[in-house]
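Visitor: Hi! Could you walk me through this protein, one piece at a time?
Guide: Happy to. Let's look at it together.

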Amino acid sequence: MKKEILTIQSYVLTRMVNYLHKQGFVWVLPVILSKTTDPLFPDPSGSVEKGLEVEVYGQKLTLTQSMIVHKQYMIAQNIDRLFILSPNIRIERESRKNTGKHLFEFTQLDFEIANFNDVEARRFIEKLIMAALRYIKIDMNLEIKNLNPGFKIPKPPFKEYKYGDLVKKYGDEWETKFIETIDSPSWIIDIPRYFYDMQDEQGVWHNYDLYVPKYGEILSGGQREYQYDKLIAKMDKDGINKDKYDVLLNLAKEGKLRPSAGAGLGIERFVMWITGVNKISEVQPFPRIPGEKVEL
Ligand code: ASN
């Protein structure tokens, strides 16, 4: 494990946390056991096999796949801007063992902003990424020179591509082809997926993923669904167990869920891209690779 990689990780985390703090965000601590978690379903590019449950004091709890439900809950409590450095457990298919990009435990910088729409969220996320990277070649001069001298500081606004157009153009292998085509971070928008991502009357999904050249997706998010009828209809359509989401649904029923948008940035992948390493195990001293034995 190269020390320079951890130095860069510390630097970008500090820069982003400082930026969020200046923008009025509160830092919420993560939970790893909950009554419910992100179903991560349906997701056209997902490969999570199962959630993990444990029984604690006679109650079945599940390990966090993401804190999306908790974020919407906090927004409903009038916490308008929040972030969490959130460990996520995602039991990926074993076939993801050799991708060099998958961990079954990783950390995301997960944030949510009340009354933002998808476009405002994308502009905000670009500013957050730039807060991390703007001065990296000066402040982390030696580290970047050693690890990834060719690293290009991106220039927002990032290009946007519709998910449906990419599938039409490239077929099933769209993801591999897409990341070979782009030369700077790019948005994929309008992705058909989770109940909590906003879909409008025209059927357009107001969500987004951020992709970087060579590595692929590093961030995922969306404007949120907050209306009771729409949440129920989508959960029913997806076959989601509504009992598990009773707190969220009760808030929605009482009109207490609020419009918001947010996203989660995968820290390990973000650092991989900046440092230019080949495998995700190079940025995490304790890597949890699908199908591999955990050493420590
Ligand atoms: N954190 C993501 C979001 O805010 C959700 C996820 O990780 N699946 O939309």
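Visitor: Let's start with Trp 174. Is it buried or exposed?
Guide: This is a predicted model, and in it Trp 174 has a relative accessible area of 6%. Buried means under 20%, so Trp 174 counts as buried.

Visitor: Where is Trp 174 found?
Guide: Trp 174 sits in helix H7, which covers residues 174–181.

Visitor: And which residues does Trp 174 touch?
Guide: Leaving out residues up to four places away in sequence, Trp 174 touches Ser 45, Tyr 163, Leu 166, Val 167, Ile 188 and Tyr 211. Take Tyr 163 from that list: Tyr 163 and Trp 174 are 11 residues apart along the chain, and their C-alpha atoms are separated by 9.3 Å.

Visitor: New topic. Which residues touch the most other members of the largest nonpolar core?
Guide: That core has 51 residues, and the ones touching the most other members are Phe 111, Leu 133, Ile 136, Leu 219, Phe 270 and Ile 274. Apart from this core lies another one of 17 residues, including Ala 76, Met 235, Ile 240 and Leu 248.

Visitor: Why do nonpolar side chains end up like that?
Guide: In soluble globular proteins, nonpolar side chains tend to be buried together.

Visitor: What is Phe 270 in contact with?
Guide: Setting aside neighbours within four places in sequence, Phe 270 is in contact with Val 12, Met 16, Ile 129, Ala 132, Leu 133, Ile 218 and Leu 265.

Visitor: You mentioned Met 235 in the other core. Which residues of helix H8 are buried?
Guide: Helix H8 runs over residues 228–238, and its buried residues are Leu 231, Ile 232, Lys 234, Met 235 and Asp 238. These buried residues pack against helix H9, residues 246–253. Just after H8 comes Gly 239, with a positive phi of about 70°.

Visitor: Which residues other than glycine have a positive phi?
Guide: Leu 40 is one of them, with phi near 55°. Lys 214 is another, with phi near 75°. Most residues other than glycine have a negative phi.

Visitor: Where are those two placed?
Guide: Leu 40 is in the loop between E2 and E3, and at 11% relative accessibility Leu 40 counts as buried. Lys 214 is in the loop between strand E11 (207–212) and strand E12 (216–223).

Visitor: What about cis peptide bonds? Where should I look?
Guide: Look at the bond from Phe 41 to Pro 42, which is cis with omega near -10°. Pro 42 is in the loop between strand E2 (33–34) and strand E3 (48–50). A cis bond also joins Pro 156 and Pro 157, with omega about 0°. Pro 157 lies in the loop between helix H5 (141–147) and strand E9 (159–162). As a general rule, most peptide bonds are trans.

Visitor: Zooming out, how many helices and strands does the protein chain have?
Guide: The protein chain has 10 helices and 13 strands.

Visitor: And how does its radius of gyration fit a compact globule?
Guide: A compact globule of 296 residues would have a radius of gyration near 19 Å, and the protein chain has 19 Å, so the two agree. The C-alpha atoms fill a box of roughly 55 × 45 × 40 Å along the principal axes.

Visitor: What share of the residues is buried?
Guide: Of the 296 residues, 49% count as buried. The chain exposes about 14600 Å², with carbon and sulfur atoms supplying 51% of that.

Definitions and conventions:
Residues numbered from 1 in each chain as written. Predicted model: local features only at pLDDT ≥ 70, side-chain atom pairs only at ≥ 80, totals over all residues. Heavy atoms only, no water. Core = buried A, V, L, I, M, F, W, Y, C linked by side-chain atoms within 4.5 Å. Buried < 20%, exposed > 50% of the residue type's maximum accessible area, 1.4 Å probe, protein only. Contact = heavy atoms within 4.5 Å. Helix = DSSP H or I, 4+ residues; strand = E, 2+ residues; numbered from the N terminus. Rg over C-alpha atoms; globule rule 2.2 N^0.38 Å. Areas by Shrake-Rupley, 256 points an atom, 1.4 Å probe, with all protein chains shown as cover.
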